[in-house]
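Student: I would like to learn how to read the features of a structure that is new to me. Could you take me through them slowly, with the general idea before each case?

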Amino acid sequence: MTEKRLKERIQMMSSEGERIIVDRKVAKRFVGESRMGNEIEHLYFENVRSIVLRKLILWSYYHRDDPQPELSDTQVKQWYTQFFDEDQETLFELAEIADTLEIKVLSHIARQRLLDGTTPKNN
């Protein structure tokens, strides 16, 4: 990989030690400009499990070009249904970290799913 391409990426690490390399543009989506200077190469999420970090990254890739997602299209609704098909603990953690990172739509939908109890994996 070229040096320029490496500078366009950042390594994110979960509390379990899993390392995931993502584009800076995607990381900025939920980390914010103030924390994302070009000199930063690693971000450690000490209280975020790997499954939740992967969900945050997946959300960020899916919405990387959207100012705010809209839930009008059938395909988008299907993606959301699959995305939030998680157990209660994972949804709770996802809502909490989304709240902390000020990803309001993600936090709102995850909390709504928790309140509705509509998750198939809530056993």
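Tutor: Let us begin with exposure: a residue is called buried when its relative accessible area is under 20%, exposed when it is over 50%, and partly exposed in between, using a 1.4 Å probe and protein chains only. Arg9, with a relative accessible area of 22%, is therefore partly exposed. Please keep in mind that this is a predicted model, in which local features need pLDDT of at least 70 and side-chain atom pairs count only at pLDDT 80 or more, while totals for chains, interfaces and linings use all residues. Residues are numbered from 1 along each chain as its sequence is written, and side-chain values use heavy atoms, with hydrogens and water left out.

Student: With which residue does the side chain of Arg9 meet in a salt bridge?

Tutor: A salt bridge is a side-chain nitrogen of Lys or Arg within 4 Å of a carboxyl oxygen of Asp or Glu, and by this rule the count comes to six salt bridges. The partner of Arg9 is Asp23, at 3.9 Å from N to O. Helices (H or I, at least four residues) and strands (E, at least two) are DSSP runs, numbered from the N terminus. Because Asp23 lies in strand S2 (residues 19-23) and Arg9 in strand S1 (residues 9-13), the pair ties together parts that are 14 residues apart in sequence.

Student: In what order do the strands of the open sheet lie?

Tutor: Strands of a sheet pair through backbone hydrogen bonds, either parallel or antiparallel. Two strands are said to pair if DSSP finds at least two bridges between them. Here the open sheet of three strands has the order S2-S1-S3, with mixed pairing, and its edge strands are S2 and strand S3 (42-44), each pairing on one side only. S1 and S3 pair in the parallel sense over three bridges, and Met12 stands opposite Leu43 in S3.

Student: Is Ser50 buried or exposed, and what does Ser50 touch?

Tutor: Ser50, found in helix H3 (residues 50-62), is buried, with a relative accessible area of 5%. Contact means heavy atoms within 4.5 Å, and Ser50 touches Ser14, Glu16 and Glu18, not counting residues up to four places away in sequence.

Student: Which residues touch the most other members of the largest nonpolar core?

Tutor: A nonpolar core is a set of buried Ala, Val, Leu, Ile, Met, Phe, Trp, Tyr and Cys residues joined through side-chain atoms within 4.5 Å. Of the 29 residues in the largest one, Met12, Trp59, Phe84 and Leu106 touch the most other members. The elements giving two or more residues to this core are S1, S2, H3, helix H4 (74-83), H5 and H6.
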